[in-house]
Amino acid sequence: QVQLVESGGGLVQPGGSLRLSCAASGFSVSANAMNWYRQAPGKQRELVARISRLGSTNYADSVKGRFTISRDNAKNTVYLQMNNLKPEDAAVYYCNLAANRDYWGQGTQVTVSS
């Protein structure tokens with residue numbers, strides 16, 4: 001049974017950092033592409049970062065140079081390191097596995113405010 005559990009969100013000041021974690025079970029993150037999405041109030045869910053099965057990464061233009069996606073195969077966990085956070089980064093962040101269907105975690109709230 002596939003499960004994704006996000007953690008690490010919170011309140012941070014502009015310019016600050018957070019690291020989100022996505023603990024996976026029921027499958028291996030090393031054998032699948034994994035994604036981080038976010039959804040702000042009144043906006044569509046958008047793809048933020050992706051790590052392929054082979055480890056290559058892709059980012060939305062809005063986060064390039066500030067966010068880094070990575071994974072720890074031994075912990076079966078995917079991370080999103082977010083630096084130099086801006087108010088427009090505030091959203092609920094979701095971990096996603098796109099397999100035979102989309103699997104989603106419950107999301108973790110990121111608030112960027114002074």
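A salt bridge is taken here as a side-chain nitrogen of Lys or Arg within 4 Å of a carboxyl oxygen of Asp or Glu. The structure is a predicted model, in which local features need pLDDT of at least 70 and side-chain atom pairs count only at pLDDT 80 or more, while totals for chains, interfaces and linings use all residues. Residues are numbered from 1 along each chain as its sequence is written, and side-chain values use heavy atoms, with hydrogens and water left out.

Across the whole structure, the search returned four salt bridges. One of them joins Asp89 to Arg66, with the closest N and O atoms 2.7 Å apart. Asp89 is located in the loop between strand S8 (77–82) and strand S9 (91–98), and Arg66 in the loop between strand S6 (57–59) and strand S7 (67–72), so the pair ties together parts that are 23 residues apart in sequence; strands are DSSP runs (E, at least two residues), numbered from the N terminus. Both Asp89 and Arg66 are buried, where buried means under 20% relative accessible area, exposed over 50%, and partly exposed in between, for a 1.4 Å probe and protein chains only.

A salt bridge is also formed by the side chains of Arg38 and Glu46, at 2.6 Å from N to O. Arg38 is buried, at 6% relative accessible area, whereas Glu46 is partly exposed, at 33%. Arg38, Glu46, Arg66 and Asp89 are linked in a network of salt bridges. A further salt bridge connects Lys64 with Asp61, the closest N and O atoms lying 3.1 Å apart, and Asp61 is exposed, with a relative accessible area of 65%.

The corresponding search for aromatic pairs gave two, a pair being rings of Phe, Tyr and Trp (its six-membered ring) with centres within 6.5 Å, classed as stacked for planes under 30 degrees apart, edge-to-face for over 60, and tilted for the rest. The ring centres of Tyr37 and Trp104 are 5.0 Å apart and the planes stand at 70 degrees, so this pair is edge-to-face. Tyr37 in strand S4 (residues 34–39) and Trp104 in strand S10 (residues 102–104) are 67 residues apart, and the pair thus links distant parts of the chain. For Tyr94 and Trp104 the centres are 6.3 Å apart and the planes at 85 degrees, so that pair is likewise edge-to-face. Tyr94 is buried at 13% relative accessible area, Trp104 is partly exposed at 32%, and Tyr37, Tyr94 and Trp104 form one aromatic cluster.

How values were computed. Helices (H or I, at least four residues) and strands (E, at least two) are DSSP runs, numbered from the N terminus.
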